[in-house]
Structures are given as structure tokens and as C-alpha cells.
Amino acid sequence: MKSARRTLLWLGVYAAAMAWVESTLVVYLRRLYYPDDPLVIFPLRIWPMRDLLLELVREAATVAMILAVALLAVAGRVRRTAAFLFVFGVWDLCYYLWLKIALGWPATWTEWDILFLIPWPWLAPWLTPAAAALLFVLWAAPILARDEETAVPRRAWVLGTGGLALMLASFLAPALPLLGGDPAAIAAFVPERFPWWLYLAGASLLAAGLLAGRAGAGGRAPAQGSAAAGRVR
């Protein structure tokens with residue numbers, strides 16, 4: 001148990017530090033591309049293709065870093081999934097916290113953000129990914145605080161995956177008008193409507209899946225449970 005909690009602590013430290021690196025980079029980018037007011041990112045600024053490609057690779061590298069540390073930190077499918085979601089969640093929450101400290105952004109609870117660029121821009125009020133990140137952390141932390149691998153029922157995976165798919169669709173939907181690639185339209189684009197119904201449906205499914213997984217994770221396979229109990233005693 002002590003080893004598991006130490007692992008959980010260092011995963012949190014890693015995620016928070018990684019979020020600081022990410023947030024400082026965003027501060028630099030905003031000062032570079034939005035020198036008049038780094039707090040206002042819409043209308044969008046058109047990046048040179050070279051910079052855009054660098055950003056796309058950086059985003060892919062960020063996901064690879066989170067995946068790598070999750071695979072190295074723990075064993076077992078459920079615990080590795082929990083490690084990935086925990087690091088991702090802490091990283092995302094700390095990212096907005098550090099941005100607030102370093103830049104004073106977000107200024108409001110409903111401030112729009114550019115979440116990701118693959119396969120096209122994900123746009124949403126910043127509070128929406130932060131809420132999902134909080135769910136990740138609340139589900140993953142108790143699983144990682146135990147040394148034993150746990151069982152999660154199939155329905156939890158189905159509900160959680162379905163919820164994430166709907167939430168992803170809600171993030172991708174606002175940028176659909178940009179897919180034509182018209183530079184004038186991109187330069188004038190300001191998101192106005194967020195599909196809250198789609199996001200809330202996805203968030204509800206995700207929460208249901210995480211709750212089902214949390215309930216199912218309370219038990220262990222009999223053989224593993226006996227061995228673990230023996231070690232604790």
C-alpha cells in the first residue's frame with residue numbers, strides 16, 4: 001500500500017510539472033501570436049505551416065509522454081488505464097491552474113479554449129475538459145492507491161468509451177465551419193455555440209462508466225485477494 005501511494009504521489013508530481021512546461025509554452029505562444037492581448041485568442045490567428053506541424057507533433061508527443069509513464073509506473077491493464085487517466089487529469093487541471101497564475105487566464109468560467117488540433121481544432125469552454133479531468137482523477141486515484149490489480153466490468157468500459165466519444169464529438173463540432181480551409185473564414189472565426197446537450201450526454205455516460213468501474217474495482221480475483229491479504233497481515 002505504501003509503495004502504491006508513493007507511485008500515486010510521483011505520478012501527480014510528474015503531471016503537475018509537465019503541466020507547468022505546457023502552460024509556459026502556451027504563454028510564449030500567446031505573446032507571440034496575440035501580442036495585443038494574450039488573454040483573447042479569438043478570432044483565430046493563422047499559423048505558418050511549419051509552426052502548425054511543430055505544434056501537431058508536440059501534441060502527439062505529449063500524449064506519448066503520458067502513455068509512456070503510465071506503462072512504466074504500474075502493471076496490469078486496469079491500473080495502467082488508471083495511471084494514464086490520472087496523469088492526464090492532473091496535467092489538465094494543473095495546466096489551467098498554472099495558466100491562471102502565469103497569465104491571468106481563463107478570465108471567466110465559460111472562456112473558450114483551443115483544446116487540441118488533431119485531427120482538427122477541438123474548441124470548447126475550458127471548464128468542460130477540466131470537469132472530465134476531475135472525473136478521471138477521482139476514479140483513478142483510489143485504484144492506484146492499491147497495489148493489487150482490480151477487475152472492472154465490461155459495462156463500465158462500454159459506458160466510459162461511449163461517453164468519451166460523445167464528449168469528443170462535442171469538442172470537434174464547433175470547428176466544423178473551419179474545415180473548408182478558407183483563410184478569411186479562419187481569420188474571422190469566433191466560436192459562439194457549444195453543443196452542451198452532446199457534452200452533457202457524454203459526461204453522464206462517462207460518469208456512469210467510472211462509477212460502475214469504481215464499484216466493480218472494489219473486488220479482486222479470489223486468488224489474488226488471498227495472496228494480498230496474506231502479505232498485508
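Mentor: Before we start, helix axes here are lines fitted to C-alpha atoms over the stretch in contact, and angles run from 0 to 180 degrees between N-to-C directions. Keep in mind that this is a predicted model.

Trainee: At roughly what angle do the axes of H3 and H4 cross?

Mentor: Those two axes come within 7 Å. Among the residues making the contact are Phe86 and Tyr96 of H3, along with Trp139 and Leu144 of H4. The crossing angle is roughly 140°.

Trainee: Which element gives the largest share of the largest nonpolar core?

Mentor: That core has 59 residues, and Leu11, Phe86, Tyr96, Leu99, Trp139 and Leu144 touch the most other members. The elements giving two or more residues include helix H1 (2–33), strand S1 (112–116) and helix H5 (154–172). The largest share, 13 residues, comes from H3.

Trainee: Leaving aside neighbours within four places in sequence, which residues is Leu11 in contact with?

Mentor: Leu11 is one of the core residues that touch the most other members. Its contacts, with those neighbours left aside, are Val69, Ala73, Ala83, Phe86, Val87 and Leu144.

Trainee: How far apart are the end C-alpha atoms of helix H2?

Mentor: H2 covers residues 49–73, which makes 25 residues. At 1.5 Å a residue, the helix should span 36 Å, and the model agrees because its end C-alpha atoms are apart by 36 Å.

Conventions. Residues numbered from 1 in each chain as written. Predicted model: local features only at pLDDT ≥ 70, side-chain atom pairs only at ≥ 80, totals over all residues. Heavy atoms only, no water. Helix = DSSP H or I, 4+ residues; strand = E, 2+ residues; numbered from the N terminus. Expected span 1.5 Å × (residues − 1). Core = buried A, V, L, I, M, F, W, Y, C linked by side-chain atoms within 4.5 Å. Buried < 20%, exposed > 50% of the residue type's maximum accessible area, 1.4 Å probe, protein only. Contact = heavy atoms within 4.5 Å.
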